[in-house]
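Q: Hi! Could you walk me through this structure before I set anything up with it?

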Amino acid sequence: MDDIKYDPNKDYGTPKIVSEKMVTLTIDDASVTVPEGTSIMHAAQLGGVTVPKLCATDSLEPFGSCRLCLVEIEGRRGYPASCTTPVAEGIKVKTQTSKLADVRRGVMELYISDHPLDCLTCAANGDCELQDMAGAVGLREVRYGYEGENHLGSTKDESNPYFTFDPSKCIVCSRCVRACEETQGTFALTIEGRGFGSKVSAGNKDFLESECVSCGACVQACPTATLMEKSVIEAGTPEHKVTTTCAYCGVGCSFDAEMKGEEVVRMTPNKDGGANHGHSCVKGRFAWGYATHQDRITTPMIRKSIHDPWQKVGWDEAINYAASEITRIQAKYGKDSVGGITSSRCTNEEVYVTQKLVRAVFGSNNVDTCARVCHSPTGYGLKQTLGESAGTQTFDSVMKSDVILIIGANPTDGHPVFASIMKRRLREGAKLIIADPRAIDLVENSPHVRADYHLNLRPGTNVALVSALAHVIVTEGLVKEDFVRERCEWDSYEAWRDFVAKPENSPESLAKDTGVDPQKVREAARLFATGGNAAIYYGLGVTEHSQGSTTVMGIANLAMATGNVGREGVGVNPLRGQNNVQGSCDMGSMPHELPGYRHVSDDETRAEFEAAWGRPLSADPGLRIPNMLDLATEGSFKALYCVGEDIAQSDPDTQHVTHALESMECVIVQDLFLNETAMFAHVFFPGASFLEKNGTFTNAERRISPVRRVMTPKNGYEDWEITAKLSTALGYEMKYNHASEIMDEIAALTPTFKGVSFKKLDELGSIQWPCNDEAPEGTPTMHVDEFVRGKGKFFVTQYVPTQEKVNGKYPLILTTGRILSQYNVGAQTRRTQNVVWHPEDLIEIHPHDAEDRGIQEGDWVGITSRAGETVLRATITERVQPGVVYTTFHHPESGANVITTDNSDWATNCPEYKVTAVQVSRVNQLSNWQQEYQEFSESQIHLTGILPAKPAVVE
Ligand code: SF4
Ligand code: SF4
Ligand code: SF4
Ligand code: FES
């Protein structure tokens, strides 16, 4: 089976079947051997024979409606459809006979008689299966004429910003409907009516108003121009393609950038993509226009003070100015007065050279990354318990799960393509437990999916809930003791067991903290421990707490105690927010670790890097982002090199961050846009978009995927080149000719990346690390026979309530999250038509809390915390529980981080974004901060000498 070679550019008509048993048949006199269960159509394709088809495509289950794929089988009556008929041993199939040709021509004649004959001017000309099939069956005339009743006058739906629906071209093959159901799991489309009157409907609404989430699966599946990308209609058919990786979330979908010269015409999800298998979400599929947005700054700029106008300069001048400032500041204030911040939006290669610059050239370990504010507790917690700071599975592993526990994550919004895989498994019958303060869509708002248990805990009580689940597992004898004895440190298990078994850790005792019905907790724990393969998926709702690291360890404890690690279908799976959170951590972007999570104090590791880099390295962990900011306000941290990160918007306690930035003498920002941090900068290095550079991203399943340059960088350089130039200007030449050479250096110095190279990535498509001599093609599942640390280690996870308390003044808890159409600080998605779906951040409030405060839907409300105040529009919903309010943070003017506090995780300083005590009341004007922000932001845009950015059009 494995030796069957698949061509990703071919459509095999029906999905690939995996079976141990092989079947041999004859198709058009040639013998073909395929796995049992394969369709005749698929077998024919494998044997090099193409059967005409319209309603079949290999991403969808066969449907058998168009009757174009009929074949003859010797000894059988009639003409079975090859897409729905499975192979059988010894059968003899004919796909081309004169009778079949007549039938097929007849079918095509009917289709064409109700289809506009505008092929030459149609956007799908040359890329239309109907056109291809008319040619394939030799259609020469249409006898029925076009005078009769037809659909040619149907109205086009152009409501979706990215694709059109032209019903006059629809052949009602249902591929779109099935794609929406099977691939995406949204069920937005149906076929309404019968016979001639049957038509595709988005619930009798236009696409924009419908349940559609704009994933593009239906557009991809449509064999005609009925569903068509607007970009193709405008630009014409692409003429070449380059495979690359989405620059948005941690799913890491593979895409073909379909190009016309240097212009992207369409991003098409790659069938061969290890993470996405040809699926996509609205961001990766459609929201790439920011890369050429008018707001992009492509010329370097410098200025002495943040109140001066920006001066556009050449690259050499900008680089030399930045280098001279760093040299001046280090000479005056010491080498520790300077640091660098990398971003999870950067490639592995960019992160690697940035941390190298800080360590080898700045001479300190003052480098940190935005993972500090999202998944640093994952790094810490999983390293302690399992021995490796990464998720244990592939995404596909969820197809073998029987029980799925989601804690503090919202996959349908945050990780949509993975959510689609997960929903497929749930529709097949896997059980679902959700621990979340808010009723995310998977609780009961996703068609054919409903959580078996929603443990709607109070924000900030994850550790208590995990302990309560563990209590039930331990006290009811549900521990997989054999697994624990063989695979884990028994002493650590005993200590943990005795701890969680204490009466104060029972669901009943902890209900006062969590607010969750103890009976529900007991039932969920039993299901998790006894329901078969159980997998845990978690997100920032776990990590962004004062006890984030404790919860991560608690999650690992649960998985180990129930034997759910080390095989498919189980595991501990952090859902990483940004595309390269995993990679940026792997690449040594934290102040205490060199690439590969090796501590800077380890003499042997340091010696290895010193030998390779030719510079002495500091053994002392450097400053974390919060330390840099604190020291900046105190006056000893003076210069920052910030690559691809926007701390002024994304980090907590905005006033503190901006005060710190204002206190520095040289802030160097490298980005696509004049982001919030750049407004406090003295040097601006324009960055390259993901379409303009080579490199790699590593997704949440440790999958290293290629990022490939499809157009010339508008700013002149790939980002790693800019860092290398700065390094050279500082007296340390970084000699790389191509990003691949950086990866070669990473591989030479990082044991888990030892076998990785661009060449191998080109051959395999993607590689899950560890990739080394023992696993030359990578490691899909980790900890199979033993944990990376040898024996798994349990940790006692004492619940310590957060210091952030509600009281009479601040009676509500604010928690935060993401929405599908926007991405993180929104710098990219706000510059696309995605703003149609989410033009502003709203505050969700429960009807009881709204009524108490006289708040109506759409009212402006002030949200006041101990840190600050901001104003947002209210939306009233039972998604949030009484006492809890919720917002997203995609628009800078929302000031979500003006109100978050500077509390943070005890182990990693990851901010406690998810718990802020607030009061909410009706107001009629923006907060002081918002008014000042507006003024400052406008003045800063003015200082660039470009016109104020126009917001993306909202219609
Ligand atoms: S819109 Fe396209 S995919 Fe859907 S039924 Fe019509 S032709 Fe088929
Ligand atoms: S774009 Fe996606 S969600 Fe919308 S109708 Fe098509 S398949 Fe369904
Ligand atoms: S944003 Fe995430 S899920 Fe969407 S296409 Fe990109 S990688 Fe895939
Ligand atoms: S392709 Fe088989 S019936 Fe349509």
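Predicted model: local features only at pLDDT ≥ 70, side-chain atom pairs only at ≥ 80, totals over all residues.

A: Happy to; we can go through the ligand shells, the cores, a sheet and a few backbone details.

Q: Good to know. How many residues surround ligand 1, and which are the closest?
A: There are 13 residues around ligand 1, and the closest are Cys170, Cys173, Ser174, Cys176 and Cys222.

Q: And how does that shell split by class?
A: The shell around ligand 1 has 9 nonpolar, 3 polar and 1 charged residues.

Q: What about ligand 2, which residues surround that one?
A: Its surroundings are Phe163, Cys180, Leu189, Phe207, Cys212, Val213, Ser214, Cys215, Gly216, Ala217 and Cys218. By class, the shell around ligand 2 has 9 nonpolar residues, 2 polar ones and no charged ones.

Q: Let's switch to the hydrophobic side. How many residues are in the largest nonpolar core?
A: The largest nonpolar core has 69 residues, and those with the most contacts inside it are Leu227, Ile404, Met422 and Leu432. Helix H12 (residues 416-427) gives this core its largest share, 5 residues. There is also a second, separate core of 63 residues, which includes Val338, Val358, Ala360 and Val367.

Q: Tell me more about Leu432. Where is it, and is it buried or exposed?
A: Leu432 is in strand E17 (residues 431-435). Leu432 counts as buried because its relative accessibility is 0%, and the cut-off for buried is under 20%.

Q: What does Leu432 touch, leaving out residues up to four places away in sequence?
A: With those left out, Leu432 touches Ile404, Ile406, Leu426, Leu442, Val449, Arg450, Ala451, Asp452 and Tyr453.

Q: Sheets next. What is the strand order in the open sheet of 7 strands?
A: The order is E13-E12-E25-E24-E23-E14-E15, and the pairing is mixed. Strand E13 (311-312) and strand E15 (367-369) are at the edges; each has a single partner strand, so one side of each has no neighbour in the sheet.

Q: How does E24 pair with E23 and with E25?
A: Strand E23 (residues 639-643) and strand E24 (residues 666-671) pair in the parallel sense over 5 bridges. One example is Val643, whose bridge partner in E24 is Gln670. E24 and strand E25 (residues 683-686) also pair in the parallel sense, over 4 bridges, and Ile668 has Val683 as its bridge partner in E25.

Q: Which residues point which way from E24?
A: Cys666, Ile668 and Gln670 point one way, Val667, Val669 and Asp671 the other, and all are buried.

Q: What about helix H27, how many of its residues are buried?
A: In helix H27 (residues 739-749), 8 of the 11 residues are buried, so H27 is largely enclosed by the rest of the structure. Among the buried ones are Ser740, Met743 and Glu745.

Q: Last topic, backbone geometry. Which residues does a cis peptide bond join?
A: A cis peptide bond joins Trp769 and Pro770, with omega about 0°. Pro770 is in the loop between strand E28 (767-768) and strand E29 (812-817).

Q: And where do Tyr597 and Asn909 sit?
A: Tyr597 is in the loop between strand E21 (593-594) and strand E22 (598-599). Its phi is near 60°, a positive value in a residue other than glycine, and Tyr597 counts as buried at 8% relative accessibility. Asn909 is in the loop between helix H30 (896-899) and strand E34 (916-922). Phi of Asn909 is near 70°, again positive in a residue other than glycine, and Asn909 is partly exposed, with a relative accessible area of 21%.

Terms used: Residues numbered from 1 in each chain as written. Chains lettered and ligands numbered in written order. Heavy atoms only, no water. Near = heavy atom within 4 Å. Nonpolar A, V, L, I, M, F, W, Y, C, P; charged D, E, K, R; others polar. Core = buried A, V, L, I, M, F, W, Y, C linked by side-chain atoms within 4.5 Å. Buried < 20%, exposed > 50% of the residue type's maximum accessible area, 1.4 Å probe, protein only. Helix = DSSP H or I, 4+ residues; strand = E, 2+ residues; numbered from the N terminus. Contact = heavy atoms within 4.5 Å. Pairing = 2+ DSSP bridges.
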